[in-house]
Amino acid sequence: MSVAACAAPEKQADTTTESGVDAATATSAEDFGGMDELVKAAQDEGELNVIALPPDWANYAEIISTFEDTYDIEVNSDQPDAASQDEINAANDLKGTDRAPDVFDLGQSVALANTDMFAPYQVETFDDIPAEFKDPDGLWVNDYGGYMSIGYDSAKVPDVTSVQDLLGPEFKGKVALNGDPTQAGAAFSGVMMAAIANGGSADDIAPGVDFFAELKQAGNFLTVDPDSGTIEQGTTPVVIDWDYLGSAAAANVDTWKTVVPEEAVVAGYYFQAINADAPHPAAARLWQEFLYSDEGQNLWLKGGARPVRGDQMAEDGTIDADLWEALPEVTGDPVIPTDDQTTTAGEYLAANWSKAIR
Amino acid sequence: MVGAFQDGDGRPTLGNLDALTSDAALSALKGSLVLSATTALIGAALGALLAYLVVSLPTQSLLRRTTLAISGVLAQFGGVVLAFAWIATIGSVGIVTKAMDSAFGVDLYGSGWLFDLPGLVVVYAYFQIPLMVIVFAPAFEGLRPQWREAAVNLGASTWDYWRHVALPLLTPAFLGALLLLFANAFAAYATAAVLVSQGQPIVPLLIRQAITSEVLLGQANVGFALALEMIVVVTLVMVAYNLLLKRTSRWMR
């Protein structure tokens with residue numbers, strides 16, 4: 001074994017499975033000769049590298065452990081708190097090593113800017129996924145989404161019904177935003193939500209920045225980066241974040257409530273893709289099959305996220321109905337900023353955000 | 001460093017250096033300079049005082065050895081651990097915050113100053129003061145008793161001795177240590193990265209934004225330019241430090 005490794009100078013990693021399939025170019029389970037063969041090929045690899053999947057984000061802890069138990073494949077979860085761009089950076093830095101990430105879970109702008117790094121793949125349930133949520137070849141597929149929400153500890157602050165409520169004196173030093181909007185997609189959408197609530201739009205994020213400036217002025221804006229830990233400690237009693245992250249917090253804080261403000265409904269989906277240079281290409285593909293299976297979709301739902309096949313599954317009766325109906329109520333037309341709108345708003349934030357909250 | 005002069009596709013450009021004059025970059029530079037200068041001054045003043053007290057103790061004194069040993073540890077006690085130690089102490093639900101609130105009704109936490117520049121000043125002082133003790137104690141030790149005796153023999157009072165002999169000897173070492181502290185704070189990253197998540201008030205955090213942002217893509221080269229800016233500042237500080245060191249070392253053999 002080691003002799004063979006030494007003998008081959010600079011040889012491309014061998015991704016051919018025992019049954020003679022090149023896992024790295026397979027675009028469906030069919031290419032392996034069916035799911036059973038795919039499972040076998042993945043088990044031969046034995047490992048899967050994932051990155052930037054926080055255990056308390058959309059139920060990833062359970063998703064990972066269920067995958068490990070079902071297929072007896074070890075999942076190496078690297079840098080759980082990293083941002084989307086970190087995933088791409090890691091894939092570039094670790095390219096050619098067996099530590100490179102096999103799969104990505106990315107925010108919209110990072111995903112669309114890096115499609116040349118993805119391997120096209122169509123899961124068995126591909127046709128179930130609405131066309132606007134996937135690349136036609138399966139280069140990327142939206143995995144789960146949610147709405148921008150205000151989560152709060154109802155034991156510490158009065159009930160929140162609108163974005164404007166947060167300016168009240170009861171919220172002094174209590175309102176946190178999940179990340180810096182010039183860096184993190186979730187925080188960016190939070191500012192977008194504030195913009196829409198204050199007369200702005202997807203094209204005009206300025207009122208959102210002004211709102212946070214006002215919030216800072218009132219002494220209400222907390223510059224702590226919230227996560228389920230700070231929520232449990234009570235450091236961040238009010239958190240502007242995706243609704244599914246609020247439901248993760250609710251698991252540990254009984255008095256935690258999550259509202260999607262009806263005057264400003266902002267939606268966002270994450271993007272799932274396979275690294276074209278995945279060191280475990282078969283495992284990466286099996287992971288996709290698992291995520292888009294009924295079981296995987298229901299696990300996301302359990303974390304409060306809206307799985308991309310949710311509507312179809314609700315029709316088929318395969319969704320976990322209790323969880324599906326327990327999602328925060330949303331009224332009105334959701335805004336999903338386009339890539340161009342995101343870029344324009346990002347530039348505005350780069351120039352104005354740090355001034356606004358100083 | 002080459003990356004500072006390239007655009008996203010590797011073509012040469014000066015555009016990244018232009019980005020250094022943007023509002024965000026300038027205010028981060030200002031934040032960094034203010035933070036480094038403030039914590040260097042606080043660290044140097046308190047550290048020098050502590051170093052003097054320690055060095056006045058007999059060489060074998062347990063207190064002296066303990067203080068120096070602890071300083072050695074604390075000077076390296078930066079980063080994530082330090083940040084969490086402070087959050088646990090004076091964060092919104094920190095031990096001291098709660099105690100002060102229940103005992104005196106004092107709101108130590110306010111609207112979260114710990115997570116902004118003022119918080120960084122306090123937290124940085126925690127490793128700046130011990131660092132000063134370590135680098136400055138040898139300067140006190142270098143003051144030979146003979147010089148004092150000589151001065152006294154020539155009729156000098158304690159004040160005259162300090163004014164004309166000790167202070168002039170110590171000044172270059174003090175300024176040198178001040179510069180070292182400045183550079184130390186200027187380059188610190190991990191502590192700030194944990195504490196401050198909004199607005200990127202200092203340059204290292206702005207570099208983080210440039211290379212990891214998922215909202216503003218293709219900023220990596222601006223990050224290189226910012227790093228270059230930091231290198232320039234630290235180089236200037238180190239050159240000044242070396243000049244001072246040369247001056248001091250004449251007396252410290």
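Visitor: By class, how many nonpolar, polar and charged residues does the lining of the largest cavity have?

Guide: The lining of the largest cavity has 10 nonpolar, seven polar and two charged residues. Here Ala, Val, Leu, Ile, Met, Phe, Trp, Tyr, Cys and Pro count as nonpolar, Asp, Glu, Lys and Arg as charged, and the others, Gly among them, as polar.

This is a predicted model, in which local features need pLDDT of at least 70 and side-chain atom pairs count only at pLDDT 80 or more, while totals for chains, interfaces and linings use all residues. Residues are numbered from 1 along each chain as its sequence is written, chains are lettered from A and ligands numbered from 1 in the order in which they are written, and side-chain values use heavy atoms, with hydrogens and water left out.

For chain A the average pLDDT (the predictor's confidence in each residue, from 0 to 100) is 89, with 95% of residues scoring at least 70. Residues 1–12 of chain A are below 50, and beyond near neighbours in sequence this stretch has zero contacts (heavy atoms within 4.5 Å) in the model. For the complex, the predictor gives an ipTM of 0.73 and a pTM of 0.79.

The whole structure holds three cavities of 30 Å³ or more. A cavity is a set of points, on a 1 Å grid over the protein atoms alone, where a 1.4 Å probe fits but cannot get out; lining residues have an atom within 4 Å of a point. The largest cavity contains about 250 Å³ of space, a volume being the space filled by probe spheres set on the points, joined across faces, edges and corners. Its lining comprises 19 residues, and closest to the centre are Gln108(A), Gly185(A), Phe188(A), Ser189(A) and Trp242(A).

At least two lining residues come from each of helix 6 (108–113), helix 7 (185–197), strand 10 (267–275) and helix 15 (339–356) of chain A. These are DSSP runs numbered from the N terminus: helices are H or I, at least four residues, and strands E, at least two.

The axes of helix 7 and helix 15 of chain A come within 11 Å and cross at roughly 90°; axes are lines fitted to C-alpha atoms, for helices over the stretch in contact, with angles from 0 to 180 degrees between N-to-C directions. Helix 7 of chain A is therefore roughly perpendicular to helix 15 of chain A (65 to 115 degrees; under 35 is roughly parallel, over 145 roughly antiparallel, the rest oblique). Phe188(A), Val191(A) and Met192(A) of helix 7 make the contact with Thr342(A), Ala345(A), Gly346(A), Leu349(A) and Trp353(A) of helix 15. That contact has six nonpolar, two polar and no charged residues.

Terms used: On a 1 Å grid over the protein atoms alone, a cavity is a set of points where a 1.4 Å probe fits but cannot get out, and a pocket is an open set with protein on both sides within 12 Å along at least five of seven lines; lining residues have an atom within 4 Å of a point.
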